[in-house]
Amino acid sequence: MDAADQPRVRSYVTLFGAVAAAALAIVAALNYLVDPYLLHQWDSPLLQRLRPTHEKLSVWGKTYAVARYRPAVVYIGNSRTEMGLSADADEVFPGQSVFNSAVSGASIGDAMQLARHAARVSRIDTMVWGLDAPSFSMEPGSAGIEPGLLEAGPAFFVRRALLNIKRSLTLDMTQDTLRLLSGSYGQICRSSLALYGQRDQRCVSDRIHGWGGTAKAMIPRLQEFGAGAGPTPRALQAFDATVGELCRSSTHLRLRLYINPTHAMTMDVLYYRGRWADMERWQGDLAALAERYRQQGCDVRVHDFSGFNSITSEAIPQFGGGREMQYYWEASHYRDNVGRMILARLFGGEAAPDDFGVELTPTTLPAHQQAMRAARDARHASHPQQTAFVQHLLTLPRQQP
Amino acid sequence: MLFNSFSFLFFYLPIVLAGYFLLGRLALAAAATSTDTATTLRRLAPAAWLACASLFFYGWWDVRYLPLLLASISINYAGGRLIGASTGAARRRMLIAALLLNLALLAWYKYANFFVDSVNALAAMADGGRGVWPSLDVVLPIGISFFTFTQIAFLVDCYRGEVREYRFIHYLLFVSYFPHLIAGPVLHHRDMMPQFADPASHRPQAANFAIGLSIFVVGLAKKVLIADTLSPLALPVFATGAQPTLIEAWIGVLAYTFQLYFDFSGYSDMAIGLSRLFGVKLPLNFNSPYKACNIAEFWRRWHMTLSRFLRDYLYIALGGSRHGEARRYRNLLLTMLLGGLWHGAGWTFVVWGALHGLYLVVQSGWQRAFGVSTARWWPAALTLFAVMLAWIFFRAPDLVTAWNILGALFGANGVSLPRGAAGLAPLFAGWAWQPAFDGIRWIQLAGPGLPVLLLAMLLALRAPNTQEIFSHYQPCIETILQRRGQLQRWQWRPTRRWSMGFAALFVLCIFGMNRVTEFLYFQF
């Protein structure tokens, strides 16, 4: 490059730097201020803003909110817990702050990260953790947990601000900011943050309606449940370590683990996929784990709400049930009336049916598993059509809801 | 730390650049005033800073392997000095010992798992029992193939007496230089160390910034906007047990063919651009390889620095073409087989290397028999097809999957058309063809993948490459010859229009960078 080019080259570099810096700064500032996904909002009027059914990046909003809110009670898990457990639970946790930190699409690996994060950034007295066998694997979930989001370390809010700025430099967020400003962003339901972490029922209802109703959602949900890779030994090992870490983090922590009350048909799916023995072994592992930590002085208990009880055996629309079910959105997601019964069984309060929820201990386990097997066989005998329905759907190609 | 990450672009790079030129200014001022030891140290400070920054860059991946890298550099530097100082048989013995040490290091870290697994698999096949040796689970230190080959070349050149006196700090920087450390280009000490020692590179120059930034942005766009968008097309097709149908296989294999090119050449462009910011030119690594008209030409255009290394230090060392045709063919096959193994410890890489060796032998035999083809299009199309078939083995997780995908390209897994095309069934029936309309399972037809694949093919096969765009400003160490008058309007100039265009492209890349993905060549 000759000397005559030097001024041109300098202005080239200056212009490049100025244009790029200005464009990035404007976009980052706009997205940060409008914050269409509520990445960094708590105690803010923006939380009440209506939004589309699909709640994008909810894990970002929740991990930030839990650090700001610092609740005493936190729920951990995947979409089943997120939809089913209401944070409005004053009768169970009087005077205590409650936050539902469960996230849709979270694998057990994701949930463990969320639990550790909540314990780090808050003052947790009680943690309620929903589990199920198929998602109990270390396969990455679809919760959208990105590197850095849940990392331990000092200055959480500073690190988080940098991450938020980085996330704001994206096309999708810019498009949604512009849609929001122009009024074309969907306005269907409230953010889960407005409901202290629980998914707005309007969102769920709208989504189910979009899929064609509860009946249409049954087969894909049952197939999805059966396709999970868990339970795996590696996940159990990691889960054990996480429970140990939580127990060490606080001497007065109440940790309540519960197996989600997915519909009875989900148990049939596991049975016909040859996963029943794995599931029983996993129940036993959880019971033994809780017993071991109790002996070390940690208040850990595990309950099983799954199986074939008066709640989980509700008739589905295909076989005499109503268009909408009383206890379920579809096969794997229960409504918050079931959630209230879960909390009642775990902590006392409003009555739950006697057959709903059994504490798993090394002592109660054999009888519980024997009863579950008997109930399963009895159901197969008394509901041959439903049983055939499950067997048939497992032969079909995987459907998307 | 990846080049396409925020931490690299907005923290690491500005700090390293600022430190380098600050120390460079001090070094230049010191050089003008005195010549004592302190001044010498100050003169070396920019190179030392860059070497430390490079080691930090390497340690960021996995600090456990930093001592390994440092030990390798120190031992090889000492080995090179000793070889240079020895004569006769001792000199040869020293070289052999040093080479064995490097190869042993590579063998342990890169090939021990493969060897044990292969022995166990053979034992299991022989008696149906379990493996005879426990699994080693040795973790591959990132970039080991690159820094080992770089240093083997140094040792051999020390033996040949082609190495002049170098300072340790320049050698340390030559091996660990962060733009190339992880995935090449494979550098040669003869090209690099004089540049590191040149005080002119310690002074910030607007021209270097303009050219370096622009080349870097081209590489970033290749990676972020093209390669990463193609990845979802290829990923599910190459998964174990995917059993793709004809259309899925073709799209998946084509997507991988172009993903690999844009990923790796994008990385090389970024390395060249970054290095230019520091006033250091790197060698050219890609020159539109998919435009090649035969396999030999493909290897002169693809991963050119590795091809040169294999030619100079393996093929020629094996005898090259000096002992007749049969020996030449053997040497070609061996070179490509070992080249395949260099890329990865697995049978798929062995087959990939063997295929390319075979291609070279067939091409050579064909040219002997029929002469060089002057046809316009089919030699390039046939070359690309052969390369694409070989990439299946390069990418597939195992040989069974590779064979399955290969068969699928020719319809072995059947043909399935999108469900939406079922209305065309009567038309096909008229041609006595009744395909299934079971849908395309593994390819997302509605996403940006397919349009980007078409764009990628257009760019790779018809557009000028990075070095051609910047050819007026010597982007690399080598000068590439360009046909006169070709694509003049695509020649880069430091004008306002180009500046605005590159700034816009950079912003677009930043928008696409939220899904940070590793470079494919990091595994090698």
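Analyst: B:F3 is buried, at a relative accessible area of 1% (buried means under 20%, exposed over 50%, partly exposed in between, with a 1.4 Å probe and protein chains only). This is a predicted model, where local features need pLDDT of at least 70 and side-chain atom pairs pLDDT 80 or more, while totals for chains, interfaces and linings use all residues. Residues are numbered from 1 along each chain, chains are lettered from A in the order written, and side-chain values use heavy atoms, without hydrogens and water.

User: How many aromatic pairs are there over all chains?

Analyst: The structure has 76. Rings of Phe, Tyr and Trp (its six-membered ring) pair if their centres lie within 6.5 Å; planes under 30 degrees apart are stacked, over 60 edge-to-face, the rest tilted.

User: How are the rings of B:F3 and B:Y267 arranged?

Analyst: They are stacked, because their centres are 4.9 Å apart and their planes are at 10°. B:Y267 is also buried, at 1% relative accessibility.

User: What about B:F393 and B:W403, stacked or edge-to-face?

Analyst: That pair is edge-to-face, since the planes are at 85°, with centres 5.4 Å apart. B:F393 is buried at 3%, whereas B:W403 is exposed at 52%.

User: New topic. How many residues does each chain bring to the contact?

Analyst: Chain A brings 22 residues and chain B 26, where contact means heavy atoms within 4.5 Å.

User: And how many salt bridges cross the interface?

Analyst: Zero between chain A and chain B, by the rule of a Lys or Arg side-chain nitrogen within 4 Å of a carboxyl oxygen of Asp or Glu.
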